[in-house]
Amino acid sequence: MDIQRGNIIVMDRRRGTLRAGQGLLQGLKVVWDHWVGSFRKNDNFSQIHGTFTIEYPDERMKLPQAYRNMPVLLYDDETGQELCTACYQCARACPPEVIHITQAKDPNTGKMVPASLEFIIEYDACMSCGLCAEACPFDAIKMDHFYELSTDNRMGLMQRKADLNRPVSYYTSIAPDLWDEVKEGAMKKLQGSIKRRPDVIGIAGHLSEKIAARRRQLAAEAAASPPAPVAAAPAAPAGKLSPEEKAAKLAAMRAAKAGGAEPAAEAPAPAAELSPADAKAAKLAAIKAANAAKKAAESPAAEVPAAPLDEKAAKLAAIRAANAAKAAAEAPAAPLDEKAAKLAAIRAANAAKKKSE
Amino acid sequence: MPLLSAEELRTRLGRDLPGAVLEAAPLQIVPPAHGSKGPFVTTDVLVEPTRLLDAALYLRDQVGYTYLSDIAVVDYLTDNLLEVVYRFYHLDGGPSLALKVRLPRENPELASLTPHWPGANFHEREAYDLYGVVFTGHPFLRRIYMWDEFEGFPMRKDFPKQGDKYIGAEE
């Protein structure tokens, strides 16, 4: 191809002819003009004098919020949880295909977890198009404003997750308006993914305190969760409904269990099989049923709408207890057992009567 | 000190190159930009695509705006056109002047400025790579960011952002 050269532009310096010594003075005048002009800030680029520049490494030009350079990953400040769920949308959207993701797995179940195990972006081939940030449904990948990426180490431009992680507070410092637009949805989605993340998966790796805090929290939750319903039943005040209901049901279930165990025992060798322990269990169940029924009866009249339910449960418990007692009585057991069963039946019947009154 | 406004340039171009300057129709920006009010009307000079080279050479040789600083492309999807923006500076300083060209999104073709501004080479290759604008007369019009086998122009607004575009595409 022919490139036509020689388009020389002659600049008119308007100097004219000089006398001896004038050149020096003229040169000094240029220096003086520029030195004086340098104290004035040139801000509309239409003047030839003034300070055009800013002192770059010390001060920087303010970048617009939507400026985009290279993608980074966000994590939540408070919990340290990463917003990324490894959904691969960015990797699919990326035109030069420089995003590589590995999804995390639950080590116990082997199932996929909405978090990334490793996240690699090859900065050297990234073209800063921003399609990954546009495609991300979780607002986890955002375009950074950092532009000083010069390096003599090309492999250093392969950024791993540890290099890409930035706190949300960093993103709000560079693009507050853009984050405000998506904040609510992003945080809501993050809460959803945290629920599905076991152990400390999904917390940015360098935040050891956050990981420790999460471990403590999970341990506390694990310690608190199993005894919670058991503790609630006896500790519940009499005025509350649901624990009573629970207690009554529990008693009924126990009574039924005791009653169910006895017929099986009575068939082959009743006298030998019906141990005092069984009779004790039946007694205990009957007592519990009676107590529950009593408790229900004692509950204040204010809870009218709940009362029928309580009554029903109590009656049911009493009937079951009576049945159990009957079953125990039918067996040709020791007189002590018979007595206990009878007593339980009577007590249950009484409780039911009291309740119905 | 060259201080030529876009308005003055439009009148001068209209006088010296009849038929080269077009009246700029308002453009829709979807979604609307921050703080925008209604359609966007450019104040820069809109040039007829076939007369771009004439206008650029006029700007360089007659007006003195010799430095071609940048070539940018804007995709106006709703108006179904691509706008190529050429930005020129005067070496003595002062504000820049822009020449704009509007092309259809299907088969956009434009005369290359590379024979006259060697520095336009990479700018035009970038515009070709990312938007698909073909510059006739360019000595080496190949993709500059993406690999040669890449299909599509990634910075166009209708470039798909979701789904598997390449994985298994050739099967």
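## A loop residue in chain A

A:Glu97 sits in the loop of chain A that runs between helix H2 (89–93) and strand E2 (99–105). Its phi is near 55°, a positive value in a residue other than glycine. A:Glu97 counts as partly exposed, at 33% relative accessibility. These values come from a predicted model.

## Confidence in chain A

The average pLDDT of chain A is 78, and 66% of the residues score at least 70. Over residues 261–274 of chain A, the pLDDT is below 50. That stretch has 16 contacts in the model beyond near neighbours in sequence.

Residues 300–307 of chain A also stay under 50 in pLDDT. For them the model has four contacts beyond four places in sequence. Where pLDDT is low, the predicted coordinates should not be read in detail.

## Strand E1 of chain A

Strand E1 of chain A covers residues 71–75 and is mostly covered, with five of its five residues buried. A:Pro71, A:Leu73 and A:Tyr75 point one way from the strand. A:Val72 and A:Leu74 point the other way. Residues on both sides are buried.

E1(A) is joined to two strands of chain A. Three bridges link E1(A) to strand E4 (residues 141–143), and this pair runs antiparallel. Here A:Pro71 stands opposite A:Met143. Three bridges also link E1(A) to strand E6 (residues 165–167), but this pair runs parallel. In E6(A), A:Asn165 stands opposite A:Leu73.

## An exposed methionine

A:Met112 belongs to strand E3 (residues 112–122) of chain A. Is this residue buried or exposed? A:Met112 is exposed, because its relative accessible area is 51% and the cut-off for exposed is over 50%.

Leaving aside neighbours within four places in sequence, A:Met112 is in contact with A:Gln103, A:Ala104 and A:Lys105. A:Arg197 is 85 residues away from A:Met112 along the chain. The C-alpha atoms of these two residues are separated by 9.4 Å.

## The sheet of chain B

In chain B, five strands form an open sheet with mixed pairing. Their order is E1-E2-E5-E4-E3. Strands E1 (21–22) and E3 (67–76) stand at the edges. Each has a single partner strand, so one side of each is left without a neighbour in the sheet.

Strand E4 (residues 81–89) and strand E5 (residues 97–104) of chain B are joined by eight bridges and run antiparallel. Within this pairing, B:Val84 has B:Val101 of E5(B) as its bridge partner. Helix H2(B) packs on the sheet and touches strand E2 (45–47), E4 and E5 of chain B. The direction of H2(B) makes about 175° with that of E5(B). Helix H3 (residues 120–131) of chain B packs on the sheet as well, touching E3 and E4. Its direction makes about 10° with that of E3(B).

## Two crossing helices in chain B

Helix H1 (residues 6–16) and helix H2 (residues 52–63) of chain B pack at an angle of about 105°. Their axes are 11 Å apart. H1(B) and H2(B) are therefore roughly perpendicular to each other.

From H1(B), the contact uses B:Leu9, B:Arg12, B:Leu13, B:Arg15 and B:Asp16. From H2(B), it uses B:Ala55, B:Tyr58, B:Leu59, B:Gln62 and B:Val63. The contact residues divide into six nonpolar, one polar and three charged.

## A loop residue in chain B

B:Asn80 lies in the loop between E3 and E4 of chain B. Its phi is near 60°, again a positive value in a residue other than glycine. B:Asn80 is partly exposed, with a relative accessible area of 35%.

Notes
Residues are numbered from 1 along each chain as its sequence is written. Chains are lettered from A and ligands numbered from 1 in the order in which they are written. This is a predicted model: local features need pLDDT of at least 70, side-chain atom pairs count only at pLDDT 80 or more; totals for chains, interfaces and linings use all residues. Side-chain values use heavy atoms; hydrogens and water are left out. Buried means under 20% relative accessible area, exposed over 50%, partly exposed in between (1.4 Å probe, protein chains only). Helices (H or I, at least four residues) and strands (E, at least two) are DSSP runs, numbered from the N terminus. Two strands pair if DSSP finds at least two bridges between them. Axes are lines fitted to C-alpha atoms, for helices over the stretch in contact, and angles run from 0 to 180 degrees between N-to-C directions. Angles under 35 degrees count as roughly parallel, over 145 as roughly antiparallel, 65 to 115 as roughly perpendicular and the rest as oblique. Contact means heavy atoms within 4.5 Å. Ala, Val, Leu, Ile, Met, Phe, Trp, Tyr, Cys and Pro count as nonpolar, Asp, Glu, Lys and Arg as charged, and the others, Gly among them, as polar. pLDDT is the predictor's confidence in each residue, from 0 to 100.
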